[in-house]
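Here are my notes on this one, as promised. Have the structure open while you go through them.

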Amino acid sequence: MERERTWADKGEAIGHGVSWLARWSLRVALAALGFWMVLWLVGKLWVVVMPVLLALLITTVLWPPARWMMSKGLNSALAATVVLLLGLGVLGGVIAAISSSIASGVPEIAQSAQKAVTQLQDWASGPPFNLEGSDLDRLIDQGVEQVKSSIGSIASGLITGAGAVTSGLVTGLVALLLAFFFVKDGTKFTPWVRGLIGERAGKHVTTVLERIWVTLGSFIRSQAVVSLIDAVLIGLGLVILGVPLAIPLAALTFLGGFIPIVGALIAGALAVLVALVSNGLTSAIIMLIIVIVVQQVEGNVLQPILQSRSLRLHAAVVLLVVTAGTSLYGIAGAFFCVPVAAAVAVVMRYLGEVIEARMPVKDASHPGGDEAAESERSSE
């Protein structure tokens with residue numbers, strides 16, 4: 001049995017404590033440096049890392065039906081091709097249905113918008129503004145001149161936006177191709193890892209990777225549930241207010257839920273805008289309140305709770321991680337920060353399990369632990 005260490009005086013005890021603190025400070029500093037180097041490397045290779053992360057998330061959706069097809073004897077390449085084409089077909093069908101519904105409702109919205117403009121002109125011509133037709137024309141001319149003077153900055157902004165859209169399309173295409181290969185050859189990955197790094201280390205690595213894979217699937221399912229609840233609540237608000245295009249706007253809300261910040265903002269703004277031009281200012285204000293309440297509840301309550309349960313992370317941790325990811329990396333950080341944090345938590349939990357498995361089991365009924373229990377068994 002190991003005896004507790006004794007000190008000759010307080011100076012020796014303090015010196016030992018300072019030495020212990022210095023050693024652990026150095027370890028923490030080295031770990032922080034390694035973590036910063038990883039983040040720096042990810043930032044430099046983001047053009048490669050981004051499609052891989054997207055492909056992994058897409059694969060979590062495509063893998064269950066592909067696995068079912070493979071279990072029925074279908075070739076892995078054919079199963080991957082079928083599920084990818086079906087996924088693209090479903091997404092294209094939803095977009096086509098939304099587009100056709102919007103196109104059919106455009107005449108009604110255009111008439112409402114024309115009435116709204118007329119009402120706005122009548123309102124501006126009355127008190128307290130008392131603007132006459134010439135005054136309105138002068139204000140419009142001033143706005144046109146302002147736009148003309150800013151045409152250079154607007155053009156550069158449009159070029160930048162077009163470049164971002166092109167980059168996003170290329171990233172999405174690469175992610176789809178990678179998702180195809182992940183679905184096709186996913187079952188060969190863990191044996192390849194075991195053969196590459198050895199059976200002993202490979203057992204731990206493959207176990208961690210399998211748990212991270214399950215975590216990614218849980219993230220996608222929880223995000224889908226959150227987006228569905230948002231779409232249902234906002235869709236109900238649109239139906240109750242009698243706003244046209246309620247179903248397409250609800251579908252856009254669901255799809256936008258998978259794009260952090262921007263998706264919810266655009267979907268909510270469209271809902272308020274349609275309510276304004278079709279039903280008037282009162283309906284638009286009520287719709288704005290509904291959108292704000294739903295998004296605040298979703299972002300600060302619903303999403304942290306659901307993701308904390310599915311990812312085994314505390315709701316406060318999810319909220320802090322989303323805040324940090326958004327402030328550091330913007331939209332991409334807001335989307336990827338939660339699954340990355342969950343993956344890190346999986347690794348930490350597994351390391352804890354390995355450490356506990358290698359620690360000697362102590363008998364709580366014996367104050368001496370293992371040695372006391374062993375001496376008692378030998379005396380018997």
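Predicted model: local features only at pLDDT ≥ 70, side-chain atom pairs only at ≥ 80, totals over all residues.

1. I'd start with helix 2 and helix 7. Their axes come within 9 Å and cross at roughly 85 degrees. Angles of 65 to 115 degrees count as roughly perpendicular, so that is the label for helix 2 against helix 7.

2. Who meets whom at that crossing? From helix 2 come Leu 56, Leu 57, Thr 59, Thr 60, Val 61 and Trp 63, and from helix 7 come Trp 213, Leu 216, Gly 217, Phe 219 and Ile 220. By type, the residues of this contact are eight nonpolar, three polar and no charged.

3. Thr 59 deserves a look of its own. It sits in helix 2, which covers residues 46-71. Its relative accessibility is 2%, so Thr 59 is buried, the limit being under 20%. Setting aside neighbours within four places in sequence, Thr 59 is in contact with Ala 179, Phe 182, Val 183 and Trp 213.

4. Now the largest nonpolar core, which has 21 residues. Leu 57, Ile 212, Phe 219, Leu 311, Leu 313 and Val 338 have the most contacts inside it. Helix 11 gives the most, with 13 residues.

5. Not counting residues up to four places away in sequence, Leu 57 touches Leu 216, Phe 219, Ile 220, Phe 335 and Phe 336. Apart from the core of point 5 lies another, of 14 residues, with Ala 246, Ala 284, Val 291 and Val 294 among them.

6. How many salt bridges turn up in the whole structure? The search finds three. Arg 211 pairs with Glu 353, with the closest N and O atoms 3.1 Å apart. That pair links distant parts of the chain, since Arg 211 is in helix 7 and Glu 353 in helix 11, 142 residues apart. Both ends are partly exposed: Arg 211 has a relative accessible area of 31%, and Glu 353 is at 39%.

7. The other bridges involve Asp 185. Lys 184 bridges to Asp 185 with a closest N and O separation of 3.0 Å, and Asp 185 also meets Lys 188 at 3.8 Å, N to O. Shared partners join Lys 184, Asp 185 and Lys 188 into one network. On accessibility, Lys 184 is partly exposed at 22%, Asp 185 is partly exposed at 26%, and Lys 188 is exposed at 53%.

How values were computed: Residues numbered from 1 in each chain as written. Heavy atoms only, no water. Helix = DSSP H or I, 4+ residues; strand = E, 2+ residues; numbered from the N terminus. Buried < 20%, exposed > 50% of the residue type's maximum accessible area, 1.4 Å probe, protein only. Contact = heavy atoms within 4.5 Å. Core = buried A, V, L, I, M, F, W, Y, C linked by side-chain atoms within 4.5 Å. Axes fitted to C-alpha atoms, helices over the stretch in contact; angles between N-to-C directions. Parallel < 35°, antiparallel > 145°, perpendicular 65-115°, else oblique. Nonpolar A, V, L, I, M, F, W, Y, C, P; charged D, E, K, R; others polar. Salt bridge = Lys/Arg side-chain N within 4 Å of Asp/Glu carboxyl O.
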